[in-house]
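This report is for a reader meeting the structure for the first time. Please look over the sequence and the model before reading on.

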Amino acid sequence: MRLAVIVTEYPKFTETFILRDVLKFLEFGAEVRLYHLSPYNTDEVLHDFARPTQAVARHVGLVSPRTLASFGARLGRMAGPLAVIGAQQGGRPVLAGKSAVVSVAASAIARELAEWGADHVHAEFAGHPATAAWVIHRLTGIPYSVSCRAHDIFRTQRLLAEKLGEAAFVRTISKYGRDFLANHVRGLRAEEIQVIHSSVDVEAIPQLDPPPQEGPFHVVYVGSLQVRKGVDLLLRALAAMKIPEWRCSLAGDGPERDRLQALAAELGLGDRVSFLGKQDFAAVSRLYECANVIAAPSVIGPSGRTEGIPNVAIEGLAFQRPVISTNVSGIPELIRPGRTGFLIEPGSAAELVQALEAVHADPAAAYAIARQGRALVEEEFSLAVNARRQFDLFRAHSAAALGRAAE
């Protein structure tokens, strides 16, 4: 099977779940091309486990002679998609302009995929990658699918009816996302949307003993430093809790780093909070192992930006560490209060303090909950199981299965 996967950026530190899926598709015997719409991101960390994906990663330059020739040769057929983009996004000229630029790149990718004989195209995220896949389908007839995650569907639904309506199938990573699409995008029905959770390679993660109790209580956060992650809430909770000895490790980077460092200083947290920057998965794994608790205090950020289900919460439970997260989006499908984790209301520093202090006060009970969380991850968030589900759908909706040949 010849499979094209489209992403916006490559590599991206936080999108380990996508790269793990790609590796599984290769393991299943597929020929894969991983197209990234933006140029190779030299500022990002490529995790060691994901280095094999470099061999299949490709970028089509927007101003290359081949791209411009592809666009010119298909200009007549591009009129339809560009007209739809103008009608749906014309009121937001920046968004419409970006979609038009993505369409130019898609015309070149379409030419490559038709020459290659691609069987299926899969877009990771319903934003620009789905726009590219939709245009490719319009130009070639190659079937495509879309993974919908969080802010890619929550922020705006412009153009989603067209992009998702013409897809061979649509996948969401939560039941919450499935129901949101069914209620907000015309033509989509909940029973036709595939729910396949984001996954971790839980089989490769050993079942760890309880976290160490000697030394300071260790709080770990892993992820980007953005408003929707709620890291400022975590810092305020740390300043307010009554645990005498503690430390906090923040692994990640982002636009909020300077503001968060200033807030930590203002709160008098001193060197107990470590801003570690981006870390590869090996270093993150060591953090999980020595953590007493994992915090993922997500909130709804500007313009509706929020989580689907944070990967750090899935990974934390896979490592059998207590996880505290918030009642946002699909998170309650993973963090079930008192059974698999600790769930608080978004933005509540008081509830976060209570949860941190509860884990500290009864580590044995917290570990028992984390073990149940690990069992849920094995059942519903397993990479081996969920990647196979996706791959089987790709095959069932391939050009050959549907009796189509690329034009």
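The model is predicted. Its sheet is open and built from seven strands, arranged in the order β3-β2-β1-β4-β5-β6-β7. The strands pair in parallel. At the edges stand β3 (57-58) and β7 (194-195); each has a single partner strand, so one side of each has no neighbour in the sheet.

Within this sheet, strand β5 (residues 144-148) runs parallel to strand β6 (residues 169-172), and four bridges join the two. Cys148 has Thr172 in β6 as its bridge partner.

| Helix | Lies across | Angle to β2 |
|---|---|---|
| α1 (residues 16-27) | β1 (2-7), β2 (31-36), β4 (120-124) and β6 | about 155° |
| α4 | β1, β2, β3 and β4 | about 175° |

Helix α4 (residues 93-116) also meets helix α5 (residues 128-140): their axes come within 8 Å and cross at roughly 50°. That angle makes α4 oblique to α5. The crossing of the two helices is right-handed.

On the α4 side, the residues in this contact are Lys98, Ser99, Val102, Ser103, Ala106, Ser107, Ile109, Ala110, Leu113 and Ala114. From α5 come His128, Thr131, Ala132, Val135, Ile136, Leu139 and Thr140. Sorted by kind, the residues of the contact of α4 with α5 comprise 10 nonpolar, six polar and one charged.

Terms used:
Residues numbered from 1 in each chain as written. Predicted model: local features only at pLDDT ≥ 70, side-chain atom pairs only at ≥ 80, totals over all residues. Heavy atoms only, no water. Axes fitted to C-alpha atoms, helices over the stretch in contact; angles between N-to-C directions. Parallel < 35°, antiparallel > 145°, perpendicular 65-115°, else oblique. Left-handed = near helix turned anticlockwise from the far one by under 90°. Contact = heavy atoms within 4.5 Å. Nonpolar A, V, L, I, M, F, W, Y, C, P; charged D, E, K, R; others polar. Pairing = 2+ DSSP bridges.
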